[in-house]
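Q: Hey, I'm new to this one. Can we go through it together?

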Amino acid sequence: MNATEIEAKVSLLVLLAMPFLVLSAYGVRVLAYGRPLNDRVAHQTSSALFGRFLIEAFHWVLTGLGRSVARIGISPDALTLISLFISLASLPAAALGHLSWAGVLLLAGAMFDVLDGVVAREQGLASDSGEVLDAIVDRYADGAPLIGLLVFYRESVTALLLVGSALVGSMLVSYVRSKAESLGLKLRGGLMRRHERIAYLSGGLLIGPLVALPRVPFAAPLTLLSVAVVGFMSHLAAVLLTRSARAELVAQGRGPGSST
């Protein structure tokens, strides 16, 4: 077993232990006191990958952690910038072939990204300016590991196309949602929300180095497969969201040929 495989196995075991502990702790909490009611969680859509119980469990843990951080006095913007630096570190990690570390960094950056919102609400500092900073940081964080993979797979045109497709698709999903919100629309549900993209991609980065398939001309083929899934599903999500937004605008009398 080489160093890369050991690194990947250790990272994977640690990160598999985290959801187990979170779900166990939340399960005890639910049995003792019932499921906590939270409007933000209620409006989060579940999926095959992220069931309602899993979303509630992680939100419960991160909310408690965020409240503790808020008491220390760390500002939401500081947490946002910390999430940026951690996420950007996934770029050189992936480019140099340390895929499991790239997955760990991507997940750690996402955790700090959630904490900044919790801390902002706890400290009474939630604002539109904070949301603008958070949105920009999210785009950099989304792109960093994929740009790293572009470098890692630079010798394969097929791999470059798959990674590039995932990069564009991820940005499109966020852009369509943002554009719809700027027009006063609320697009609920949909595929490939940011937490889902991070889960698929980080999972591929963590597991990829552990599996070598014979006669497959790619390093870490499962990583590339996860990237391909993210790319395909993201483009599909962007198309469906665009159709939904246009249909809603037409229903409001804001379609082609309308007076508005």
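Predicted model: local features only at pLDDT ≥ 70, side-chain atom pairs only at ≥ 80, totals over all residues.

Q: OK, switching to the surface. Which residues make the nonpolar patch?
A: Leu-81, Phe-85, Leu-88, Val-132, Ile-136 and Tyr-140 make it, and the patch covers about 600 Å².

Q: Which helices supply at least two residues of that patch each?
A: That would be α4 (76–88) and α7 (128–152).

Q: Take Val-132, then. Where does it lie, and is it buried or exposed?
A: Val-132 lies in helix α7. Val-132 counts as exposed because its relative accessible area is 53%, and the cut-off for exposed is over 50%.

Q: New topic: how many aromatic pairs does a search of the whole structure find?
A: One. The partners are Phe-152 and Tyr-153, with ring centres 4.8 Å apart.

Q: Why is that pair called edge-to-face?
A: The planes of the two rings are at 75 degrees, so the pair is edge-to-face; the cut-off for that is over 60 degrees.

Q: And how do the two partners count, buried or exposed?
A: Phe-152 counts as partly exposed, at 23% relative accessibility. Tyr-153 is at 4%, so Tyr-153 counts as buried.

Technical notes. Residues numbered from 1 in each chain as written. Heavy atoms only, no water. Patch = residues over 30% accessible without salt bridge, like charges linked within 9 Å, V, L, I, M, F, W, Y side chains within 5 Å. Areas by Shrake-Rupley, 256 points an atom, 1.4 Å probe, with all protein chains shown as cover. Salt bridge = Lys/Arg side-chain N within 4 Å of Asp/Glu carboxyl O. Helix = DSSP H or I, 4+ residues; strand = E, 2+ residues; numbered from the N terminus. Buried < 20%, exposed > 50% of the residue type's maximum accessible area, 1.4 Å probe, protein only. Phe/Tyr/Trp six-rings, centres within 6.5 Å; stacked < 30°, edge-to-face > 60°.
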